[in-house]
Amino acid sequence: MDFEAVDPEPTDEQVDRYRMLAGDHAAGVGVVCSRHRGKDHAATVTAFADVSYDPPTMLVCLYDMGRICEAVETSGVWTLSLLNSSQRSVANWLASPGNPVDGLLDSVPFHRTEASGTPVLDGSLAWFELATVSVHTAATHQVFVGKVTAMGRAEGSGNADAPLVHFAKEYRSLR
């Protein structure tokens, strides 16, 4: 059995090994959107989960130095659009560091939710609008827990059995 203890202050090698091993976990791919200072903010995420069905509650983990983290924290309202396998280019675009704030979603088809006007990506498998109920610090990230206030399938979502997944540092499809 392969075993390595992790130091209280991990070395660069241990961090690299952790990234490699954690990359062996297949995860769904989504996009978190929020509005802040009159602008749309969005980022690709793989660290999200449904927490409870009653009441419907989800969480997402966001890098605490990212613009999307500030937008979600400030607005208190955000959407999560679950991507389908044909949205790989959208995932790549919104995962790119240094994206412009102005025009970020100009090339991404979306519509706005009724209640808050937060973007929902067209063609996504499913979407959720959430109101933040708690925030927790976890290392370099903030964990936002949100109560679902609206949800649905985006127009043009196609087959719900074709999610985009992230595995071994790449986006993949199940087909």
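## Largest pocket

Strand β3 contributes the most to the lining of the largest pocket, namely five residues. The model is predicted: local features require pLDDT of at least 70, side-chain atom pairs count only at pLDDT 80 or more, and totals for chains, interfaces and linings use all residues. Residues are numbered from 1 along each chain as its sequence is written, and side-chain values use heavy atoms, with hydrogens and water left out. Helices (H or I, at least four residues) and strands (E, at least two) are DSSP runs numbered from the N terminus.

The volume of the largest pocket is about 1,500 Å³. Among the 35 residues lining the largest pocket, Thr46, Ala47, Cys61, Tyr63 and His141 are the closest to its centre. At least two lining residues come from each of α1 (12-22), β3 (39-45), β5 (56-63), α2 (67-75) and α3 (88-95). The lining comprises 20 nonpolar, twelve polar and three charged residues; Ala, Val, Leu, Ile, Met, Phe, Trp, Tyr, Cys and Pro count as nonpolar, Asp, Glu, Lys and Arg as charged, and the others, Gly among them, as polar. A pocket is an open set of points on a 1 Å grid over the protein atoms alone, where a 1.4 Å probe fits and protein lies on both sides within 12 Å along at least five of seven lines; lining residues have an atom within 4 Å of a point. A volume is the space filled by probe spheres set on the points, which are joined across faces, edges and corners.

## Seven-stranded sheet

An open sheet of seven strands has the order β3-β2-β6-β9-β10-β5-β4, with antiparallel pairing (two strands pair if DSSP finds at least two bridges between them). Its edge strands, β3 and β4 (48-53), each pair on one side only. From one strand to the next, the twist averages 30 degrees.

Strands β2 (residues 30-36) and β6 (residues 77-82) run antiparallel and are joined by four bridges; valine 32 stands opposite leucine 80 in β6. Antiparallel β4 and β5 are joined by five bridges and form a hairpin with two residues between them. Alanine 49 has leucine 59 in β5 as its bridge partner. Seven bridges link β5 with β10 in the antiparallel sense, and the bridge partner of methionine 58 in β10 is glycine 146.

## Three-stranded sheet

A further open sheet has three strands in the order β1-β11-β12, again with antiparallel pairing. β1 (27-28) and β12 (170-173) are the edge strands, each pairing on one side only. Two bridges pair β1 with β11 (residues 164-167) in the antiparallel sense, and glycine 28 stands opposite valine 165 in β11. Helix α3 lies across β11 and β12, running at about 160 degrees to β12. Such angles run from 0 to 180 degrees between N-to-C directions, with axes fitted to C-alpha atoms, for helices over the stretch in contact.

## Glutamine 14

Glutamine 14 belongs to helix α1. Is this glutamine 14 side buried or exposed? Glutamine 14 is buried, with a relative accessible area of 10%; buried means under 20% relative accessible area, exposed over 50%, and partly exposed in between (1.4 Å probe, protein chains only). Leaving aside residues up to four places away in sequence, glutamine 14 touches Glu4, Ala5, Val6 and Asp7 (contact means heavy atoms within 4.5 Å).
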